[in-house]
Amino acid sequence: MFPERFNNKTNGVTPRRWLLEANPGLASAITEAIGDHWITDLSQLSRLKLLADDSGLHDAFHASKRDAKVRFANWLKATSSQVVDPDSVFDCQVKRIHEYKRQLLNALRIIVCYDRLRQNPHMEFVPRTFFFAGKAAPAYKLAKLIIKFINNLAGTIDGDPVVRGRMKVVFLPEYNVTLAERLIPASDVSNQISTAGYEASGTSNMKFMMNGALTVGTRDGATIEMAEEAGEENMFLFGLTVEQVQNSQGWYDPHWHYEHEPETRAALDLIFSDYFSRNEPSAFAPIRDTLLTNGDRYMHLADLTSYVQAQEKLGDLYTRRGEWARKAILNVASSGKFSSDRTIHEYATQIWKAEPCPIP
Ligand SMILES: *Cc1c(COP(=O)(O)O)cnc(C)c1O
């Protein structure tokens with residue numbers, strides 16, 4: 001009856017916290033290139049687009065990223081005695097644990113990678129460190145089991161000499177803003193892989209974009225708007241669309257993927273055979289139930305193959321350092337819309353009708 005009473009303002013994050021303070025190295029590189037107006041007017045970042053092929057800026061970008069990775073690795077070692085390699089790809093999924101956010105999809109593609117390396121140890125593979133962090137709501141039993149599953153996966157991979165130095169999984173406990181401020185500047189890859197239609201917005205996707213990570217993501221929430229700003233060719237989008245998910249009742253059957261996709265089946269069979277729960281038989285039976293027996297509500301298996309392919313393309317790009325820097329810089333340059341200054345300005349002018357105070 002009153003469509004005009006409903007409206008949407010795209011979220012944003014504050015560039016003072018998430019870029020200037022969290023990532024002083026990249027912030028300085030940006031200021032060197034375009035001056036410091038971006039700090040209070042993030043749309044100025046678009047001026048970096050003209051410099052996306054500048055080899056000096058490429059070098060400054062790579063140097064600041066490497067520096068942030070070393071700082072994170074040193075902090076991690078000092079506080080947890082875990083050792084990660086700053087020359088590996090830092091591949092992150094950090095957010096509350098929820099079925100729709102699909103940490104399980106990320107875990108499945110890590111198992112597909114792991115199984116490929118086990119079957120073919122001489123395969124070419126750019127070393128990766130997979131970071132997870134996130135809290136579960138206290139009564140959300142499956143979310144807590146997902147945390148346990150990722151920890152067990154990390155333990156199994158650490159114990160396997162075949163993949164040592166090539167892949168490592170780290171689950172960081174106690175996810176909070178302080179940890180996000182440490183990890184996001186050090187990230188190369190941002191995983192934003194919710195089932196299309198379920199993420200209202202997302203804001204960590206914006207934080208990663210601002211910090212020069214490349215996004216592997218579904219067409220969901222604000223990731224869609226990020227692609228409108230940066231161009232799909234500068235992101236790694238994959239998977240079903242909102243429309244395909246909404247029309248999936250009736251045709252979608254996870255068993256089809258289990259029966260017809262050998263890599264999907266091998267990954268699931270490792271879980272089902274207690275490979276990751278040797279001393280706790282059937283500990284992960286509820287994961288089997290959710291992914292297969294109970295119909296896979298969030299369509300993990302439907303998106304697994306295209307997710308693995310998107311990540312392969314990204315791994316290939318990582319070895320071409322100039323092209324990687326170009327895409328990352330174009331992402332930073334396209335992140336201006338995602339400042340909370342712009343969001344608040346839209347609220348002030350379009351909803352609150354608040355006039356600015358004149359400052360004498
Ligand atoms: C940004 C942020 C979030 C939101 O993350 P999404 O991936 O957008 O859900 C959650 N927790 C912390 C600590 C954050 O910094």
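Visitor: Which helices count as suppliers of the largest pocket's lining, with at least two residues each?

Guide: Helix H4 (103–119) and helix H13 (300–318) do. H13 gives the most, with 5 residues. Bear in mind that this is a predicted model.

Visitor: What makes a residue part of that lining?

Guide: A lining residue has an atom within 4 Å of a grid point of the pocket. For the largest pocket, 14 residues line the space, and Glu 124, Phe 125, Val 126, Glu 312 and Gly 315 lie nearest its centre. The space itself comes to about 330 Å³.

Visitor: How does the pocket lining divide by class?

Guide: Into 5 nonpolar, 3 polar and 6 charged residues.

Visitor: Why is another space called a cavity and not a pocket?

Guide: The test is escape: in a cavity a 1.4 Å probe fits but cannot get out, whereas a pocket is open. The structure holds 1 cavity of 30 Å³ or more. About 60 Å³ of space lies in the largest cavity.

Visitor: What makes the lining of the largest cavity nonpolar?

Guide: Look at the names: Leu 26, Ala 29, Ile 30, Leu 48, Leu 57, Phe 61, Ile 329 and Val 332. Ala, Val, Leu, Ile and Phe are among the residue types that count as nonpolar, so the tally is 8 nonpolar, no polar and no charged residues.

Visitor: Which helices supply at least two residues each to that cavity lining?

Guide: Helix H2 (24–34), helix H3 (55–80) and helix H14 (321–333). The largest share, 3 residues, comes from H2.

Visitor: What else is in the shell around the ligand?

Guide: Among the surrounding residues are Trp 18, Val 94, Lys 95, Tyr 175 and Asn 176. Helix H6 (177–183) and helix H7 (204–210) each supply at least two shell residues. By class, the shell has 5 nonpolar, 4 polar and 3 charged residues.

Visitor: Last one: why are S3 and S6 called edge strands?

Guide: The open sheet has 6 strands in the order S3-S2-S1-S4-S5-S6, with parallel pairing. Strand S3 (167–172) and strand S6 (236–237) each pair on one side only.

Visitor: How do you know that S5 and S6 pair?

Guide: Pairing needs at least two bridges. Strand S5 (residues 214–217) is joined to S6 by 2 bridges, so the two strands pair. Val 216 stands opposite Phe 236 in S6.

Conventions
Residues are numbered from 1 along each chain as its sequence is written. This is a predicted model: local features need pLDDT of at least 70, side-chain atom pairs count only at pLDDT 80 or more; totals for chains, interfaces and linings use all residues. Side-chain values use heavy atoms; hydrogens and water are left out. On a 1 Å grid over the protein atoms alone, a cavity is a set of points where a 1.4 Å probe fits but cannot get out, and a pocket is an open set with protein on both sides within 12 Å along at least five of seven lines; lining residues have an atom within 4 Å of a point. Grid points are joined across faces, edges and corners, and a volume is the space filled by probe spheres set on the points. Helices (H or I, at least four residues) and strands (E, at least two) are DSSP runs, numbered from the N terminus. A residue is near a molecule or strand if one of its heavy atoms lies within 4 Å of it.
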